[in-house]
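My notes below follow the order in which I looked things up.

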Amino acid sequence: MSTAKDICDHFINRAKHLQEFVVTTSVPAGFRFNGLVPFDMQIKDEEIEAKVWAISFEEAVGRFDEWISTCN
């Protein structure tokens with residue numbers, strides 16, 4: 001069982017290791033903004049470029065894909 005200190009240490013360690021990744025993808029068919037945009041993002045020439053904070057590039061892509069799937 002995790003203690004409050006273990007949980008706190010986990011989140012502090014995670015925050016210390018966050019990095020900003022640039023995720024680039026094509027604009028999906030039928031893409032529409034739906035609510036708050038949680039990333040610094042721009043769309044140019046049918047391509048989306050988003051800056052995503054995460055521990056790894058794979059996590060950044062996953063977070064962005066999860067968000068963009070809610071916009072269609």
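I began with Arg14, which is partly exposed because its relative accessible area is 28%. My cut-offs: buried is under 20% relative accessible area, exposed is over 50%, and partly exposed lies in between (1.4 Å probe, protein chains only). This is a predicted model, where local features need pLDDT of at least 70 and side-chain atom pairs count only at pLDDT 80 or more, while totals for chains, interfaces and linings use all residues. Residues are numbered from 1 along each chain as its sequence is written, and side-chain values use heavy atoms, with hydrogens and water left out.

Which residue forms a salt bridge with Arg14? I found Glu59, with the closest N and O atoms 2.3 Å apart. Glu59 lies in helix α2 and Arg14 in helix α1, so the pair ties together parts that are 45 residues apart in sequence. I counted a salt bridge when a side-chain nitrogen of Lys or Arg is within 4 Å of a carboxyl oxygen of Asp or Glu. Helices (H or I, at least four residues) and strands (E, at least two) are DSSP runs, numbered from the N terminus.

The count comes to three salt bridges by this rule. Lys5 and Asp9 make one of them, at 2.6 Å from N to O. Both lie in helix α1, four residues apart, about one turn of the helix. Lys5 counts as exposed because its relative accessibility is 56%. Lys51 and Asp40 form another, with their closest N and O atoms 3.9 Å apart. Lys51 is in strand β3 and Asp40 in strand β2, eleven residues apart.

**Strands and hairpin**

I then traced β2 (residues 40-44), which runs antiparallel to β3 and is joined to it by five bridges. Strands pair if DSSP finds at least two bridges between them. Lys44 has Glu47 of β3 as its bridge partner. Two residues sit between the strands of this hairpin, and Asp45 takes a positive phi near 50 degrees.

**Core**

Which residues touch the most other members of the largest nonpolar core? I listed Phe31, Met41, Val52, Phe64 and Trp67, out of 14 residues. β1 (19-26), β3 (47-54) and α2 (57-69) each give two or more residues to this core. A nonpolar core is a set of buried Ala, Val, Leu, Ile, Met, Phe, Trp, Tyr and Cys residues joined through side-chain atoms within 4.5 Å.

**Cysteines**

I searched the whole structure for disulfides (pairs of cysteine sulfur atoms within 2.5 Å) and found zero. Cys71 counts as buried because its relative accessibility is 5%. Cys8, at 43%, counts as partly exposed.
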